[in-house]
Amino acid sequence: MINIENLSVRFDNAEVLQSINLDIPEGTWSCLVGPNGAGKTTLLRTMLGMQPYSGSIKYNGREIAKNKSLNIAFVPQRPSIPAAMSVAEYVMLGRAKLDGWGKESAHSRNIVHEMLEATQLLGMQSQSVNTLSGGEMQRVLIARALVQEPEVMLLDEPTSALDLHHQIAVLNKVEEIKATGVTIISTMHDITLGAMYAERIIIMQSGRVLLDGESQSVIHSPELRSAFDDRISVHLLENGRPVIIAAKRAAGLDQGVI
Amino acid sequence: MKKNQIDRVWRWQITASAAVALLIACLLGVGFGPVNLNFGSIIKTLLGLPNGLENEDRTLLLELRLPRVVLGALVGAALATSGAVYQSVFRNPLADPYLLGAASGAGLGATIAITNGGGDLHALLPIFAFLGGVLAVAATFLVAGRLFADPSTLLLAGIAVGSFATAFQTYLQQRNSAALRPVYSWILGELTVANWDVVKWAGFYILIALFVLIRISKVLDALMLSDEEAYSLGVSPQKIRLIAVAAATLATATAVSASGLIGFVGIVVPHLVRGLTKRATNRSLLSIAFVGAAFLVIADLGARTLLSPAELPIGVITAFVGAPFFLFVLRARNRGSQ
């Protein structure tokens, strides 16, 4: 269980996170949604211990900043891998926290093999990363995080650079990871996609949590539209599944069936 | 490779091969010249065995060729290793101590030491060169705006800072005509006047810097990840970055102050080793140091023998070999990514 209490983060004189309170149960998927600058990525970085903060972030009762043994993996939005690095080399770095830097035990090479297989990357391990497509690269980033055998996995916009086919493939993979007991916290721009996979949606705006709750209740909440300044419209598919799209006010779109 | 395991990222045999290459280069370096020495006799002399070299040949080996080869190896190792480290730290395959202004800054520092000091400056030179190098790198990043400026901004800032340092260095030289000769002899490369004193002070600083860089080489791989990933693996990238840049700048500054401006080693050697091994990891750093050392020893051998009895500046040889090689690497890389 992750308990965030009265969390605030300041950059210079600006308060980029303001009095955040969240309780995130183990083995669940929470999705942070909000416009650019809402503080989603800052919240993830603070949970990694990169940002000085006031308030508290506890994992199973222990403050995250003081708990060096806690294994939190991070999947970045954009890779910053040197072009000449091979897939296996990059994924292997994920074992550094468990094995020590520069070590590559037989067990670790097994795990890397296993995770490359699980992310359909086997056979590409010797390829340099600059030869990969967007979807393959995203799977490489996830494989790197997976070999870390994390308790918590933070994903920053895991689908932003992908086409729909690869978005679904990546999110299905994350769902499988969650099923193994890993707590997932992701940021996403696409609330519809977020609600399809995460059981919990947290809407952020200007460093605050505006809405927080079970995905379906957040999506159907009347406050959702005001959270997006009435610039979205919610539509229901025939199967009852909601679709949220940017609203064009002049068109007079409103909630309805499409 | 076992069926359910990935291949090892790094093998000690690669490092061992690089060490053997260095030994062979050193043997060629001390053996060949206007007077060729017998390899068997060289080895016997170095190991203190009977029937080694005698008289002039012994002096030629121990007092002229050996210090020169050792200095060349130290400088080559320093330039190649710091080049590789700069490339990792700045996530820029073109980053090189010279491009970021460290060498020009070190040159200016060394010139200030020569023009304002008297007597034996060899002990003070590296300190001045180091301060000059550090200040120039700091100025480059200040001009570029931030630590992870895009590569072109960073390189342009480095060129501007380097040009300023070189201009200031030229001004100081012109104002102190008595210092012109020592400054120019230093710029053209002091491998020609290498002696055990130079080897001692340069070796002291370079070996400290290399020791630090090789010690942190495994953790340096964390700098190839995003800062968030590095943190998630328990590493503070800022701390590692600072130690790495400081040690690489000390190595570069000492190399420049000992041997003048020798270009391309910092780019060619890391690319050669990483290209041949198909690995980007910094665990290659020790191999890069060995190959850099071997490269400069062989380049110096060329400088001494190609126009014998005249000598070519060693920087001319490294550029002759380095520039086409670099273009070849760039072309191969472009093809690979198409």
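Predicted model: local features only at pLDDT ≥ 70, side-chain atom pairs only at ≥ 80, totals over all residues.
Strand β4 (residues 54-59) of chain A is joined to β5(A) by 2 bridges, and the two strands run antiparallel. Strands here are DSSP runs of E with at least two residues, helices are runs of H or I with at least four, and both are numbered from the N terminus. Two strands count as paired if DSSP finds at least two bridges between them.

Residues are numbered from 1 along each chain as its sequence is written, and chains are lettered from A and ligands numbered from 1 in the order in which they are written.

Back to the sheet: this open sheet has 4 strands in the order β2-β1-β4-β5 (chain A), with antiparallel pairing. Its edge strands are β2 (14-24) and β5 (62-63) of chain A, each of which pairs on one side only. Helix α1 (residues 40-47) of chain A packs on the sheet, touching β1 (2-11), β2 and β4 of chain A, and its direction makes about 70° with that of β2(A). Such angles run from 0 to 180 degrees between N-to-C directions, with axes fitted as lines to C-alpha atoms, for helices over the stretch in contact. Residues are in contact if their C-beta atoms, placed from the backbone, lie within 7 Å.

## Two domains in chain A

Chain A is assigned domain 1 (1-70 + 152-165 + 178-227) and domain 2 (71-150); the bounds come from an automatic or database domain assignment. Taken over C-alpha atoms, the centres of these two domains of chain A are 24 Å apart.

Where they meet, 14 residues of domain 1 of chain A are in contact with 12 residues of domain 2 of chain A. Strand β7 (residues 152-156) of chain A gives the most to the domain 1 side, with 5 residues. That side divides into 11 nonpolar, 1 polar and 2 charged residues. Here Ala, Val, Leu, Ile, Met, Phe, Trp, Tyr, Cys and Pro count as nonpolar, Asp, Glu, Lys and Arg as charged, and the others, Gly among them, as polar.

## Where chains A and B meet

Between the chains, 32 residues of chain A are in contact with 27 residues of chain B. On the chain A side, β6 (72-75), α2 (87-93), α3 (96-99) and α4 (106-118) each supply at least two residues. The largest share, 5 residues, comes from α4(A). This side of chain A holds 17 nonpolar, 9 polar and 6 charged residues.

## Chain B and its helices

Chain B has 14 helices and 0 strands. Of its 338 residues, 50% count as buried, which is to say that 20 or more other C-beta atoms lie within 10 Å of their own, whereas 12 or fewer make a residue exposed and values in between partly exposed, with C-beta atoms placed from the backbone.

In helix α4 (residues 102-116) of chain B, 12 of the 15 residues are buried, so the helix is largely enclosed by the rest of the structure. Among these buried residues are B:Leu108, B:Thr111 and B:Ile114.

Helix α12 (residues 265-277) of chain B has 13 residues and reaches 18 Å from its first C-alpha to its last, close to the 18 Å expected at 1.5 Å a residue; the expected span is 1.5 Å times one less than the number of residues. Its buried residues include B:Val265, B:His271 and B:Arg274. Just after α12(B), B:Lys278 takes a positive phi of about 55°.

Technical notes
Contact = placed C-beta atoms within 7 Å.
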